[in-house]
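I opened a new notebook page for this structure. My entries follow in the order in which I looked things up.

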Amino acid sequence: MLEPRRRLTSNPSMPDESAKLEREQIYVPLALVQRTKPDKRNLGEHSPEAGTRLYEPQYEKKQRFEHEAFLTQILEQGKGKTKGKYIALIGEPGAGKTTLLQCIAFWVLEKNLGFPIWISLAELGRSGSWTDLQSYLFNNWLKNAVPRTQMIQAKAELTTQIQQGRVWLLLDGVDEVAVSGVQTLQTLAEKLTGWIAQSRVVLTCRLNVWQADYNALETFETYRLLDFDYPKQVHQFIDNFFAASEPGFLQETEILLAKGERLKAERRVYKSISKVS
């Protein structure tokens, strides 16, 4: 069920053939910073607008986690207030949220930490199944996972796995649930209750949607994806992309690699101009 997630899911800047690349070929792991509670003291010293900003979530560099540290310390060792049970990955569009969630799915399998189930909330929103995760798991997802003759046994096994806390619900694209008049985060909070709440949950959401109603899922630990470090990670991504795209013919390979070098040079010029301006 997870095999399609080995490939890149979205990148409009890539040609069709390049979009077929597997994630591992070009993936450059990003660091994350954890959201910390804002300081709400001394509100009387600020204007109403400034006072409102004091309540917005803050992100501190001292709470920075490199990719491997995040996987090991937060998800595997369970450090933090939820012991790695409820995690929100947030960021701007194209920040790499879905790609990181893909990485987590296969990492869970490789480390034998449980049973990851990928759920695209955008697809659930279009199908009308968004408001009942339990029903979706048993009546939709499981039907695609096992033959009909094994359904009774599979339902019992999935229930046991959830109750033992071994199921990871990987909820991709909370912000993409297109349901008119529905408070997305509040609705999700209501559905992650009861026995299904014994699952581990890692979700992705755009920054603006999350911060607009972050109190709805205040029990979640929130981690924001950082941008590529320049120049090391930017150059690494360029090298990975053009190396993975090479057709195997020496002349064409040299052309592709030369394009990568030109892209690095143009990026350096752009950074220099930005500093001056």
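**Cysteines and the rest of the fold**

I began with Cys 103, which counts as buried because its relative accessibility is 11%. Buried means under 20% relative accessible area, exposed over 50%, and partly exposed in between, with a 1.4 Å probe and protein chains only. Cys 205 also counts as buried, at 0% relative accessibility.

I noted the ground rules next. This is a predicted model, in which local features need pLDDT of at least 70 and side-chain atom pairs count only at pLDDT 80 or more, while totals for chains, interfaces and linings use all residues. Residues are numbered from 1 along each chain as its sequence is written, and side-chain values use heavy atoms, with hydrogens and water left out.

I then looked for disulfides. A disulfide is a covalent bond between the sulfur atoms of two cysteines. Here the term is applied to a pair of cysteine sulfur atoms within 2.5 Å. The structure has zero of them.

**Around Cys 205**

I placed Cys 205 in strand S6, residues 200–206. Helices (H or I, at least four residues) and strands (E, at least two) are DSSP runs, numbered from the N terminus. What does Cys 205 touch, leaving aside its neighbours within four places in sequence? I listed Leu 89, Ile 90, Gly 91, Lys 97, Val 174, Asp 175 and Trp 210. Contact means heavy atoms within 4.5 Å. I also checked Glu 176: its C-alpha is 8.2 Å from that of Cys 205, and the two are 29 residues apart in sequence.

**The whole chain**

I counted eleven helices and seven strands in the protein chain. Of its 277 residues, 42% are buried. I looked at contacts with a separation of 6 or more: 73% of them join residues 24 or more positions apart. The chain exposes about 15,800 Å², and carbon and sulfur atoms supply 48% of that. Accessible areas come from the Shrake-Rupley method with a 1.4 Å probe; for residues, only the protein chains shown count as cover.

**Helix pairs**

I turned to H3 and H4. They pack at an angle of about 55°, with axes 12 Å apart. Axes are lines fitted to C-alpha atoms, for helices over the stretch in contact, and angles run from 0 to 180 degrees between N-to-C directions. H3 and H4 are therefore oblique to each other. Angles under 35 degrees count as roughly parallel, over 145 as roughly antiparallel, 65 to 115 as roughly perpendicular, and the rest as oblique. H3 passes H4 in a right-handed crossing. From H3, the contact uses His 67, Phe 70, Leu 71, Thr 72, Leu 75 and Glu 76; from H4, it uses Leu 100, Cys 103, Ile 104 and Trp 107. A crossing is right-handed if the near helix is turned clockwise from the far one by less than a right angle, and left-handed if anticlockwise.

I looked up H6 (residues 133–145) and H7 (residues 151–163) next. Their axes are 11 Å apart and the packing angle is about 120°. H6 and H7 are therefore oblique to each other. Their crossing is right-handed. H6 brings Leu 137, Phe 138, Asn 139, Leu 142 and Lys 143 to the contact, and the residues from H7 include Met 151, Ala 154 and Leu 158.

**Two positive phi values**

Which loop holds Lys 83? I found Lys 83 between helix H3 (67–76) and strand S3 (86–91). Lys 83 is not a glycine, yet its phi is positive, about 55°. Lys 83 is exposed, with a relative accessible area of 62%. Beyond four places in sequence, Lys 83 is in contact with Ile 74, Gly 78, Arg 200 and Glu 221.

I found Asn 112 in the loop between helix H4 (97–110) and strand S4 (115–120). Its phi is positive too, near 55°. Is Asn 112 buried or exposed? I noted that Asn 112 is exposed, at 56% relative accessible area.

**Last entry**

I ended at Val 234 in helix H10, residues 232–244. Val 234 is buried, with a relative accessible area of 12%. Val 234 and Val 28 are 206 residues apart in sequence and 8.7 Å apart in space, C-alpha to C-alpha.
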